[in-house]
Amino acid sequence: MGQEVADLVTSLGCGVWNLVGFVDDDPALLGLDVLGLPVLGGVEWLSGRSVSVAVALGTPAVRRRAWGALELIGGYPAPSLVHPSAHVGRGCSVGEGTVIAAHAVLTADVIIGRLAIVNVGATVSHNCRLADFATVAPGAHLAGNVHLGEGAEIGIGASIVQGKKVGEWSVVGAGAVVIDDVEANTTVVGCPARVVATRQLGWQQ
């Protein structure tokens with residue numbers, strides 16, 4: 001995901017952001033070159049530096065924990081990043097640190113919270129509400145007035161019919177078709193989507 005976000009930033013053109021490199025807590029990656037950018041170190045590298053960050057992690061719970069780690073060392077500005085090929089319609093709002101990837105479509109009056117991801121080719125229709133850390137995978141489709149709770153994760157190619165709610169920290173599996181509300185901390189798969197797991201994890205687990 002970091003590579004995708006780096007490519008997105010590059011697509012914004014010169015003078016928008018100056019890419020410095022990647023931060024990753026895996027010591028085996030230190031010093032590697034990725035897309036012409038160095039892996040600089042773990043989060044401790046950021047301490048005392050005047051930089052903005054993009055939290056480029058695909059899994060909502062991991063992204064939430066990473067953001068918490070950044071807050072512990074003082075916090076950093078996280079710009080919202082929208083690919084030039086994405087469509088963001090009238091009345092839409094994209095929160096701090098949120099990524100809207102290539103060819104994604106937000107139609108009208110879509111409100112997205114902080115550090116969410118709408119990935120490549122996903123569509124989010126009118127009046128949808130996506131809470132902080134929600135993730136919509138490539139090719140997923142949300143019909144009008146769908147609400148995603150904090151950290152909800154919609155799998156690749158999944159579809160959600162109009163007016164449904166997906167609770168916080170729930171997972172909709174790849175290709176699933178959601179025709180009923182999904183409770184919090186629940187995993188659903190299939191067509192129509194059915195519950196296959198429930199848990200009380202939230203982002204901390």
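Contact means heavy atoms within 4.5 Å. The model in these views is predicted: local features need pLDDT of at least 70, side-chain atom pairs count only at pLDDT 80 or more, and totals for chains, interfaces and linings use all residues. Residues are numbered from 1 along each chain as its sequence is written, and side-chain values use heavy atoms, with hydrogens and water left out.

**View 1. The buried face of helix α1.** Helices (H or I, at least four residues) and strands (E, at least two) are DSSP runs, numbered from the N terminus. G2, V5, A6, L8 and V9 are the buried residues of α1 (buried is under 20% relative accessible area, exposed over 50%, partly exposed in between; 1.4 Å probe, protein chains only). Seen down the helix axis, these residues fall within an arc of 155°, so they line one face of α1. The arc is taken from the directions from the helix axis to the C-beta atoms. The buried residues pack against β1, β3, β4 (81-82) and β7 (99-100). Just after α1, G13 has a positive phi of about 95°.

**View 2. The largest pocket.** A pocket is an open set of points on a 1 Å grid over the protein atoms alone, where a 1.4 Å probe fits, with protein on both sides within 12 Å along at least five of seven lines; lining residues have an atom within 4 Å of a point. Here the space is about 1,000 Å³, a volume filled by probe spheres set on the points, which are joined across faces, edges and corners. The lining has 36 residues, and G21, F22, V23, A54 and A56 lie nearest the centre. α1 (2-11), β1 (22-23), β3 (37-41) and α2 (60-72) each supply at least two lining residues. The largest share, five residues, comes from α1.

**View 3. The R129–D109 salt bridge.** A salt bridge is a side-chain nitrogen of Lys or Arg within 4 Å of a carboxyl oxygen of Asp or Glu. The whole structure has two. In R129 and D109, the closest N and O atoms are 3.2 Å apart. R129 lies in strand β12 (residues 129-130) and D109 in the loop between β8 (105-106) and β9 (111-112), so the pair ties together parts 20 residues apart in sequence. R129 is partly exposed at 27% relative accessibility; D109 is partly exposed at 28%.

**View 4. The R114–D132 salt bridge.** The closest N and O atoms of R114 and D132 are 3.4 Å apart. R114 lies in the loop between β9 and β10 (117-118) and D132 in the loop between β12 and β13 (135-136), so the pair ties together parts 18 residues apart in sequence.
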